[in-house]
Amino acid sequence: MADSVKNKLTKLREEIRQHNYSYYVLDEPSIPDVEYDKLMRALQKLEAAHPSLITKDSPTQRVGAQPLDVFLSASHQVPMLSLGNVFHEDELEAFEIRIKDRLKRDINIDYTAEPKLDGLAVSLIYEDGLLVRGATRGDGMTGEDITENIRTIKSIPLRLREHQDMPKKLEVRGEVFMPKKGFEKLNAQARRAGEKTFVNPRNAAAGSLRQLDPHNTARRPLDIYFYSATDIDQSTPIVTQYESLGFLRELGLKVCPEIELVPGFRGCLNFYRRILDVRDSLDYEIDGVVYKVNNLALQNELGFISRAPRWAVAHKFPAQEVVTKVLQIEFQVGRTGALTPVAKLEPVFVGGVTVSNATLHNMDEMHRKDVREGDEVIIRRAGDVIPEVVKTVLKPGVKRNKSVQAPKKCPECKSDVVQIEGEAVIRCSGGLYCAAQRKGAIKHFASRAAMDIEGLGDKLADQLVEAELISSVNDLYHLDKGKVLALERMGAKSTDNLLAAIEESKKTTFSRFIYALGIREVGEATAASLADYFQDQNSLMSANTEKLMEVADVGPVVAQNITAFFKQAHNQEVINGLISIGVAWEKKVESKNQNKPLTGHTYVLTGSLESLNRVDAATRLKALGAKVTSSVSKKTTAVVAGANPGSKLTKADALGVQILTESDLLALLRDELD
């Protein structure tokens, strides 16, 4: 029995290791995630039943150590040296000339060329294929023992793959980094939690590896690429740097896929230019490339100088972070109405271009970084991404300007600027009128679920705005046929069809009209609820937040968005203009609710119901003449509380409002129908 369990455990672990190798090293997943998860659960279940058979290299044993009080020191038998730098073509050529002078012969030299990752260098030691130690570079001679944190990184194998040339002891070096997508997600989570964000992926990777509690490291999206092994030439038939990387890959160690074998310094330059071109499409930060003499015998012959090898050099990219001055802070309005603070900068050359603007994201972020006009700041540029302000450079004794506050009026249309509680973004409330939101408003207005203007697609909407034929949605109903006909790709038939579709759209429904206005967070369902509750546009436009919250599906945030929208004179003007040119719908015929048993009663549904869902419950209550709202007030007849009811139940109790169970509701519905 014991041997059978051991064999099953061995088989499961080896199968999972093979899938890890396919996923992390070959970048070719061999099974779907759900099947991989099944294997892991099977292994966990078997190990839980036989804890004495758990091994340290099992795929389940990545996290388990207790938090440390302090990191222990770890000595490097072979120093982890730094590299010399070159920045220009002539410096790279001089590097190769020095190599040939040192070798005292003019020979063709091949190099391995690889991206220079902007992460944290680490050393890993494997004994008999088992990971036994992980350490930071430190000062090159002594680092910190971070073994338990290293074990949490899923792309690092706890046991190497079997190989005929496997050395008894192998030390490998690599760069731990945080992928860009993981970094963005980590910072987004920190912002939502009101926590401090990381300045860049390198700081994030370094901070993650130096967590005293490995469980914290395990939650960070870390990865690694290996780039060398010490004394590998003495234990294997490998004779070149490039071959050694292939050997590492065969052992299950992840190697950067961008690495190439190139001829001479000209080949190095071509590689540099190619990587610089694709730099921003890579999912990891790099700050240059590294060239290493490919022949290991030549590396030994060249040796070292001071604390750097003579056979390798880093070719650095132009700086992407520089210091400059904030001249002014302005606000730009996006197509959705969001106002973004933008720093107008003293022009500075960074990342290959001259930069004079940088985003500050939102008011919360600007105040968190405490950026003010007149400050010196560090800015970062990454490819085509809008440059951003990283941090303020404070100088002792220098008097600073006051913090910039959010504008009360939109800089584009002078409508009120609003901020919903709990949101970091501030927005212009003039959605139908604001020039910055014009294209988006028109496209939404004409969409199928809104006014359904056939033939008015995104490209034509762009043309109409750019040709200045329309400045708001009501201008659609005043289009000049001749001017439309003059637009690119608009013939007589397509123009006639468009104008006919616009005319036809005047006959609509109240719910479509409400949805077409593009009020933030008012979707089709909410628009239908509003149309069902209110008699016409005037009663809707004049409703306060308390009245709006009596409508099913309308909570405090949506109610604030609606009142802010209708409060703007510009929006009122556009709506009244639409009504005046003939946009209309059939008026709702009031049913004789006085004959219905629940007329005059108001109910609130909260929590989850088992026998019928909340939509069905609301429909049945309304059919009996009741109102169903989303907020509790003294006027509420009763609150129907299902499972996990939330704060509405607490408020009902405080106001003395009757509370019904789901059974009570079902009984009520039965009784009233009888």
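Which helices and which strand are included in what covers the buried residues of H18? Among them are helix H17 (510-516), helix H19 (537-541), helix H20 (545-548), helix H21 (556-567) and strand S24 (627-629). The buried residues in question are Thr526, Ala527, Ser529, Leu530, Ala531 and Tyr533, and helix H18 itself runs over residues 524-533. Here, buried means under 20% relative accessible area, exposed means over 50%, and partly exposed is in between (1.4 Å probe, protein chains only). Helices (H or I, at least four residues) and strands (E, at least two) are DSSP runs, numbered from the N terminus.

A word on what is being looked at. This is a predicted model, in which local features need pLDDT of at least 70 and side-chain atom pairs count only at pLDDT 80 or more, while totals for chains, interfaces and linings use all residues. Residues are numbered from 1 along each chain as its sequence is written, and side-chain values use heavy atoms, with hydrogens and water left out.

Taken as a whole, the protein has 25 helices and 26 strands. Its radius of gyration (taken over C-alpha atoms) is 33 Å, well over the 26 Å that the globule rule gives for 674 residues, so the protein is more spread out than a compact globule. The globule rule is 2.2 Å times the number of residues to the power 0.38. The C-alpha trace spans about 100 × 75 × 65 Å along the principal axes. Of the 674 residues, 47% count as buried. As for contacts (heavy atoms within 4.5 Å), take those with a separation of 6 or more: residues 24 or more positions apart account for 67% of them.

Charges come to 90 positive and 92 negative, and their mean positions are 3 Å apart. Lys and Arg count as positive and Asp and Glu as negative, with His and the chain ends not counted; a charge is placed at NZ of Lys, CZ of Arg, CG of Asp or CD of Glu.

Next, the aromatics. Searching the whole structure turns up 10 aromatic pairs. The rings of Tyr272 and Phe317 form a tilted pair, because their centres are 5.3 Å apart and their planes are at 55 degrees. Rings of Phe, Tyr and Trp (its six-membered ring) pair if their centres lie within 6.5 Å; planes under 30 degrees apart count as stacked, over 60 as edge-to-face and the rest as tilted. Tyr272 sits in helix H10 (residues 264-278) and Phe317 in the loop between strand S13 (312-316) and strand S14 (321-333), so the pair ties together parts that are 45 residues apart in sequence. Tyr272 is buried at 11% relative accessibility, and Phe317 is buried at 6%. Elsewhere, ring pairs link Phe177, Tyr225 and Tyr284 into a cluster.

Pro318 and Arg489 are 171 residues apart along the chain, and their C-alpha atoms are separated by 45 Å. Arg489 belongs to the loop between helix H15 (481-485) and helix H16 (492-504) and counts as exposed at 64% relative accessibility.

Most residues other than glycine have a negative phi. Arg489, although not a glycine, has a positive phi of about 65 degrees. Glu521 is not a glycine either, and has a positive phi of about 70 degrees. Glu521 lies in the loop between H17 and H18 and is partly exposed, at 43% relative accessible area.

Asp452 is in the loop between helix H13 (438-446) and helix H14 (458-466), partly exposed at 35% relative accessibility. Leaving aside neighbours within four places in sequence, Asp452 is in contact with Phe445, Ala446, Ser447 and Arg512. Asp452 and Arg512 are 60 residues apart in sequence and 8.9 Å apart in space, C-alpha to C-alpha. Asn613, in the loop between strand S23 (602-606) and helix H23 (614-623), is partly exposed at 41%. From Asn613 to Lys635 the separation is 22 residues in sequence and 24 Å in space, C-alpha to C-alpha.
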